[in-house]
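This report describes selected strand and helix arrangements in the model shown below.

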Amino acid sequence: MNTIAESQTVQGKESAKMRSPEKGTLIAAHQREFTRTIGEISSPNPRIMCRDVNVYYGEKHAIQNVSLDVGHNEVIALIGPSGCGKSTFLRCLNRMNDTIVGCRVTGSIRLDGQDIYDGGLDVVPLRAQVGMVFQKPNPFPKSIYENVAYGPKIHGLANSKAELEEIVESSLRRAGLWDEVKDDLAKPGTSLSGGQQQRLCIARTIAVSPEVILMDEPCSALDPIATAKIEQLIDELRELYTIAIVTHSMQQAARVSQRTAYFHLGRLIEVGDTAQVFTNPRHPLTEDYITGRFG
Ligand SMILES: Nc1ncnc2c1ncn2[C@@H]1O[C@H](COP(=O)(O)OP(=O)(O)OP(=O)(O)O)[C@@H](O)[C@H]1O
Ligand SMILES: [Mg+2]
């Protein structure tokens, strides 16, 4: 991982290959100006701090100079047209992009002040600290109980069977699923409905005591009732966690988030309080998107 200064140098170097050093610096400066975000990127109480983040898939420059904080107990919605880089950016936050061959990330991403791309950092505990819930519920092919117990077991979070049972129950309760499954804990996770499976996946994420939960279109496969349950849950979870949610539903973004970040072609165009972004967008691209003219 490069620091901010290094990442700027890298950009400078890349441009300099083609032009003179002075021109290279100028182009890099223009690039930064071009990708400047409208709105307040920083948070008074940041949990995650991203600065000048770039992501490349081979030659493809999928995320361009994105700087953004996400605060404690905040839900931030990441919105924008298909292919604009929402999932790519989300995956940077727990180094899931590491698993993609040819993917390269530069810039700086800090979780509670710690550089998560530090060479010495172990990604296994990081991915427990920064958990992820995917578009399609993906329970393990195991019982409901084991789906939730697995993480605490491998991370050594329970000292006894009773403690493990307590974690499983409290996680399922917090995920709003306990009453529906308490008599069926031995049944396969896959035997649940889609909405229940998604809440099971949230319980599984919560069970390892994360600080941040990343959600990539968590309701897109769910009906309106299951969606409402997940949205209510997100609101409750905010008391304990920082949440970043990708959604294509602007109603959902408006309902669940306090801040909204609008991405377009790999750039973070605008970020601000959700109400402001939806009622009074400052960038014409944001306005086009939220009024349905684009996307
Ligand atoms: N594994 C990959 N290899 C190469 N290019 C990729 C890969 N994943 C994403 N991309 C490219 O990076 C860009 C951003 O993709 P990403 O999936 O982050 O967009 P998105 O905003 O999440 O889109 P959607 O709303 O459709 O999910 C796209 O141009 C996409 O084609
Ligand atoms: Mg996506």
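In this predicted model, both faces of strand E8 are covered: Thr242, Ala244 and Val246 are buried on one side, and Ile243 and Ile245 are buried on the other. Because 5 of the 5 residues of E8 (residues 242–246) are buried, the strand is largely enclosed by the rest of the structure. In a regular strand, side chains alternate between the two faces of the sheet.

**Partners of strand E8**

Strand E3 (residues 75–79) pairs with E8 in the parallel sense through 4 bridges, and Ala77 stands opposite Ile245 in E8. Strand E7 (residues 212–216) also runs parallel to E8, to which 5 bridges join it. Here Met215 is the residue opposite Ile245 in E8. From E7 the chain passes through helix H9 (residues 224–237) to reach E8, and this β-α-β crossover is right-handed.

**The antiparallel sheet**

An open sheet is formed by 4 strands in the order E2-E1-E4-E5, with antiparallel pairing. Strand E2 (60–71) and strand E5 (114–115) stand at the edges, and each has a single partner strand, so one side of each is left without a neighbour in the sheet. Within this sheet, strand E1 (residues 46–57) and strand E4 (residues 103–111) run antiparallel and are joined by 8 bridges. Val55 stands opposite Val105 in E4. Strands of a sheet pair through backbone hydrogen bonds, in either a parallel or an antiparallel sense.

| Strand pair | Sense | Bridges |
|---|---|---|
| E1 and E4 | antiparallel | 8 bridges |
| E3 and E8 | parallel | 4 bridges |
| E7 and E8 | parallel | 5 bridges |

**Packing of helix H5**

The axes of helix H5 (residues 144–154) and helix H6 (residues 161–174) come within 9 Å and cross at roughly 120°. That angle makes H5 oblique to H6, and H5 passes H6 in a right-handed crossing. On the H5 side the meeting residues are Tyr145, Val148, Ala149, Pro152 and Lys153, and on the H6 side they are Leu164, Ile167, Val168, Ser171 and Leu172.

H5 also packs with helix H8 (residues 194–206), at an angle of about 30° and with the axes 7 Å apart. H5 is therefore roughly parallel to H8. The contact is made by Ile144, Asn147, Val148 and Gly151 of H5 together with Leu200, Ala203 and Arg204 of H8. H5 passes H8 in a right-handed crossing. Val148 of H5 takes part in the contacts with H6 and with H8.

Note on methods. Residues numbered from 1 in each chain as written. Chains lettered and ligands numbered in written order. Predicted model: local features only at pLDDT ≥ 70, side-chain atom pairs only at ≥ 80, totals over all residues. Pairing = 2+ DSSP bridges. Helix = DSSP H or I, 4+ residues; strand = E, 2+ residues; numbered from the N terminus. Buried ≥ 20, exposed ≤ 12 C-beta atoms within 10 Å, placed from the backbone. Right-handed = clockwise from strand over helix to strand, strands pointing away. Axes fitted to C-alpha atoms, helices over the stretch in contact; angles between N-to-C directions. Parallel < 35°, antiparallel > 145°, perpendicular 65-115°, else oblique. Left-handed = near helix turned anticlockwise from the far one by under 90°. Contact = placed C-beta atoms within 7 Å.
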